[in-house]
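Subject: Model for your files

Hello,

Here is the structure I said I would pass on. My notes on the sheets follow below it.

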Number of protein chains: 2
Amino acid sequence: MATMVGRALKPAVAHRVIEDLNPPERILMGPGPSNVHRRVLQAMTKPLLHHLDPDFIHIMDEVAEMLQQVFGATGGFTLPVSGTGSAGMEAGLANLLEPGDQLVVISHGFFGDRLAEIALRHGATVTQVRGTWGEIIPLEDVEQELKRHRKVKVLAVAHAETSTGVLQPLEELAKLAHKYDALFLVDAVASLGGVPVEVESVGIDLCFSATQKCLGAPPGLAPIHLNDRALVAIQTRKEPPRSWYLDLGLLHKYWEGGTRAYHHTAPISMIYALREALRLILEEGLERRYARHRCNGLAMRAGLEALGLKLLVQEEYCTYQLTSVQVPYSVDDGQVRTRLLNEYNIQISGGLGHLQGKVWRIGLMGESCTSENVLLLLSALEELLPKEGFGIPAGYGVAAASQVLAEAYSS
Amino acid sequence: MATMVGRALKPAVAHRVIEDLNPPERILMGPGPSNVHRRVLQAMTKPLLHHLDPDFIHIMDEVAEMLQQVFGATGGFTLPVSGTGSAGMEAGLANLLEPGDQLVVISHGFFGDRLAEIALRHGATVTQVRGTWGEIIPLEDVEQELKRHRKVKVLAVAHAETSTGVLQPLEELAKLAHKYDALFLVDAVASLGGVPVEVESVGIDLCFSATQKCLGAPPGLAPIHLNDRALVAIQTRKEPPRSWYLDLGLLHKYWEGGTRAYHHTAPISMIYALREALRLILEEGLERRYARHRCNGLAMRAGLEALGLKLLVQEEYCTYQLTSVQVPYSVDDGQVRTRLLNEYNIQISGGLGHLQGKVWRIGLMGESCTSENVLLLLSALEELLPKEGFGIPAGYGVAAASQVLAEAYSS
C-alpha cells in the first residue's frame with residue numbers, strides 16, 4: 001500500500017546514478033583494518049534490535065563477558081565504546097584525567113604523541129618521556145619523570161606501537177605507576193587479540209583497544225576495560241569529563257547493572273560483528289591465537305631479512321603482528337605500495353610521522369595473519385622490488401619464511 | 001598452514017559456549033533504530049578496504065555527495081561522523097562553541113536538554129529557552145533571549161523532537177539567529193530522510209543527524225553538514241575543540257580535498273551500509289519518501305484517535321514519522337510495551353524525562369514506515385488495550401487509518 005500511495009505522488013527527481021557497491025577483495029596486510037571472517041560479516045546481516053530490547057541487553061552481556069576473557073580480567077567493567085580506536089583513547093584519557101591533572105606519557109611513536117595531544121584537549125598537564133622510535137623506553141627515564149612531579153595522575157603508554165611495531169613490556173611500568181600512586185593506562189589497539197595483554201596480572205587500570213586489528217572485526221568499536229581503581233577514579237571526579245558521548249560513568253549505567261539507563265543508541269550491527277569475532281577468538285583459544293601471530297610474525301621477519309631488507313625493530317622488542325621494514329634507498333615507497341595494491345591486491349601501509357616514506361608497515365593481524373599471506377607478500381616483493389630498482393636474491397625470502405613455519409610446525 | 005601450526009600448540013582453554021547469534025525479527029516502531037532494507041544489511045558483508053584505499057576514498061566521495069542531496073545542500077562540507085547521533089550532536093557543539101561562548105538552546109523536549117548538557121561540557125555559557133513539551137517554541141521567546149546577550153555564538157534547536165514528536169519550524173528561527181549574528185545549529189536526528197530539512201534554503205549553518213531513523217541504515221554514524229559560514233567559524237577558532245575524535249577541522253582534512261590526511265580508521269562497513277541506504281533514498285526520490293512518511297503518519301494519528309487515545313502533539317506541529325500518544329490512566333505503560341514485544345514482536349518506546357510512563361512513542365521511520373505497519377500496530381492495540389483495562393471500540397482504529405490511506409491514494 002505504501003507503494004500505491006507513493007505512485008500517486010510527485011515523480012522522483014533524477015539523480016546521478018551511484019553504482020552497486022563492489023569493492024575489490026583486498027588482502028589487508030597493513031596495521032588494520034585486517035580481513036574478517038565470513039561469519040563476522042554475516043553477523044551484521046542479522047535483524048536489528050532496539051538498544052534496550054531484552055534480547056539486545058543479553059547480547060551486550062555476552063560481548064562484555066567475552067571481552068573480559070580476552071582482556072584477561074575477572075572484575076572491573078568492560079564495554080565496547082561506540083567509536084573507533086581513537087574514541088577509546090579519548091574515552092580513557094577524558095575520564096581518568098581532570099583539568100590540571102598531571103599525565104606522564106611515553107612517546108616512542110606516533111600513537112604516544114597522539115595520547116599526549118588528546119590529553120591536552122582535556123585540560124591535563126602533559127609530560128612526555130621521549131624515546132627512540134623503534135625501541136622500548138628505558139624504565140629509569142620513566143621513573144625519573146614520575147619522581148619529578150608532586151602527583152602524577154596517569155602514566156600512559158602504547159603497548160604495541162602501531163607506527164613502529166615495538167612491543168613495550170608492561171609489568172615493570174605498571175609497578176612504577178603504582179609505586180608513584182598513578183593510574184596505568186594502556187593503548188592495546190594493535191595488541192589485543194594478537195599478543196597477551198592480561199590487564200589483571202599485569203596491573204593495567206584502564207586499557208582500550210579497537211576491533212579492526214587483531215580482534216578480527218570491522219572498525220567501529222573500541223573495547224575498553226577499567227578495573228575497580230579506575231572506576232573509582234571516574235566516580236569520584238570533581239567535574240564530569242569534557243566529552244559527553246565518551247563519558248564512561250554514563251556508559252557504565254547503560255552497560256552494567258540494573259538501571260540500563262539510556263545514554264545513546266548502540267551501534268547494534270557492529271556489536272553483532274564483535275560478538276561473532278569474539279566467539280571465533282575463544283573457539284580458536286587465546287594461546288593458539290597468540291602462537292599463530294608469533295609464528296607468522298617470525299616467519300615474516302625471517303623472510304624480509306633474507307631479502308636483504310632491514311627491520312626497524314630488533315626481535316627482542318618486536319610485536320609479531322606488525323613488522324616495520326625499512327624502504328630501501330633506491331626504491332620509491334608509494335610506488336611499491338601502489339603496485340602491490342594494483343597488481344597483487346595486497347595492502348600494506350607506509351610510515352607515520354617522521355618515518356613517512358622510510359618504512360613499510362606490514363600487518364599480520366586476526367584473519368589476515370596466515371602463513372599463506374606471509375608467503376604471498378614475500379613472493380610479491382621478490383617479483384616487484386627488482387623491477388623497482390632493488391636487486392634481491394629470488395626465492396630467498398619465501399624459503400626463509402617457510403623454514404621458520406616448518407620448524408614451528410614440527411616443534 | 002596456519003591450522004597446522006596451531007594444531008601443534010597448546011589446546012584451547014574451555015570457555016562457556018556463547019550460542020550462534022539469532023536475534024528475533026522485530027518490527028521496529030519506536031523512534032529508532034528502524035528496520036533496514038535487506039540491501040543495506042547485505043552491503044555490510046562486502047569486503048573491507050583500508051581507510052585510505054583509493055577505492056574507499058571514492059566511496060567516501062559518493063556517500064558525501066548523496067548525503068548532500070538529502071541535506072538539501074550544494075556547497076559546504078558533508079560527512080558522516082564515526083559515532084551515533086549523540087556523537088554528531090557533540091561534534092556540532094564542540095566545534096562551533098569555544099569556552100565562554102554563549103549558546104542559546106531551545107529546550108522543549110529531552111534532546112533540547114541534551115544539547116544544553118553537552119554544550120556545558122565544552123565550556124559554553126548556556127541559556128535555555130524553555131517551552132512546553134509537545135508544543136513549538138514561540139518566536140518572541142527566542143528573540144527576547146537573543147536580544148538579552150551581547151553576543152550569541154550559536155542558536156540550537158531540535159528539528160523533530162524525538163521525545164515528543166513536535167516538528168519545530170526552522171525558517172523563522174534561522175532568520176532570527178542570523179539577525180543576531182549567531183550560527184544556527186539544528187539537530188535533525190529524527191527528521192533527515194523523513195521530512196524535508198533543506199539546510200541551504202532554510203539557512204542552517206550546521207546540521208547533524210543519525211543513520212538509524214529515517215535514513216534507513218543501522219545506528220553507528222552521524223551525518224553532519226556544515227555550510228561555509230560554519231566552516232569558517234571552525235577554522236578561525238582560538239583553540240582546538242575539547243574533543244580530538246570529533247574535531248571537524250581534522251575530519252575535514254580526511255574527508256575532503258587533496259590531503260586525505262589520516263585521522264582515525266573510518267568504520268568501513270557502516271559507511272557501506274549508509275551508502276546503500278542513501279541509494280535507496282534517492283531511488284525512491286525525496287518527495288515520494290516525505291509523502292510516504294506523511295501519509296502513514298497521518299493514518300497512524302487518525303487510527304490512534306479513533307481508538308479514543310489522546311495525541312500529545314496537535315497536527316499543525318506534529319512530525320509524521322514519530323507520534324507520541326498518551327498512555328491511558330487505567331493502563332500500565334511497561335506492561336503494554338512488553339506484551340507488544342513478546343506477543344506481537346512489535347517494539348514501540350516509552351516516554352523520556354518527565355513523560356516517562358505517560359506516553360508511548362510510535363515511530364514510522366525509513367523502512368519501518370509502511371501502511372502495513374500502521375495497520376498492524378493499530379490492530380494489536382485494539383486486541384491488547386481492552387485486556388489491559390482500556391475499553392476501546394474494536395475495529396475503529398484500523399478503519400480510520402485505512403480511510404486516510406485510501407484518500408491519500410485517490411488524491
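Which residue is the bridge partner of B:D187 in β7(B)? The partner is B:F208. Before the rest, some conventions: this is a predicted model, in which local features need pLDDT of at least 70 and side-chain atom pairs count only at pLDDT 80 or more, while totals for chains, interfaces and linings use all residues. Residues are numbered from 1 along each chain as its sequence is written, and chains are lettered from A and ligands numbered from 1 in the order in which they are written.

Chain B

Strands β6 (residues 183–187) and β7 (residues 206–208) of chain B pair in the parallel sense over three bridges. Helices (H or I, at least four residues) and strands (E, at least two) are DSSP runs, numbered from the N terminus, and two strands pair if DSSP finds at least two bridges between them. Both strands belong to an open, mixed sheet of seven strands in chain B, with the order β2-β8-β7-β6-β5-β3-β4. At the edges stand β2 (77–81) and β4 (125–130) of chain B; each has a single partner strand, so one side of each is left without a neighbour in the sheet. Neighbouring strands are turned by 15° against each other on average, direction ignored.

Helix α7 (residues 171–179) of chain B lies across β5 (154–158) and β6 of chain B, at about 145° to β6(B). Axes are lines fitted to C-alpha atoms, for helices over the stretch in contact, and angles run from 0 to 180 degrees between N-to-C directions. Helix α9 (residues 228–235) of chain B touches β2, β6, β7 and β8 (222–226) of chain B, its direction making about 105° with that of β6(B). Contact requires C-beta atoms, placed from the backbone, within 7 Å.

Chain A

Chain A has an open sheet of seven strands in the order β2-β8-β7-β6-β5-β3-β4, with mixed pairing. β2(A) and β8 (residues 222–226) of chain A are antiparallel, paired over five bridges; there A:P80 stands opposite A:P223.

Five of the five residues of β2(A) are buried (20 or more other C-beta atoms within 10 Å of a residue's own, C-beta atoms being placed from the backbone). A:F77, A:L79 and A:V81 point one way, and A:T78 and A:P80 the other. In a regular strand the side chains alternate between the two faces of the sheet.

Three bridges join the parallel strands β6 (residues 183–187) and β7 (residues 206–208) of chain A, with A:C207 the bridge partner of A:V186.

Regards

Terms used
Two residues are in contact if their C-beta atoms, placed from the backbone, lie within 7 Å. A residue is buried if 20 or more other C-beta atoms lie within 10 Å of its own, exposed if 12 or fewer, and partly exposed in between; C-beta atoms are placed from the backbone.
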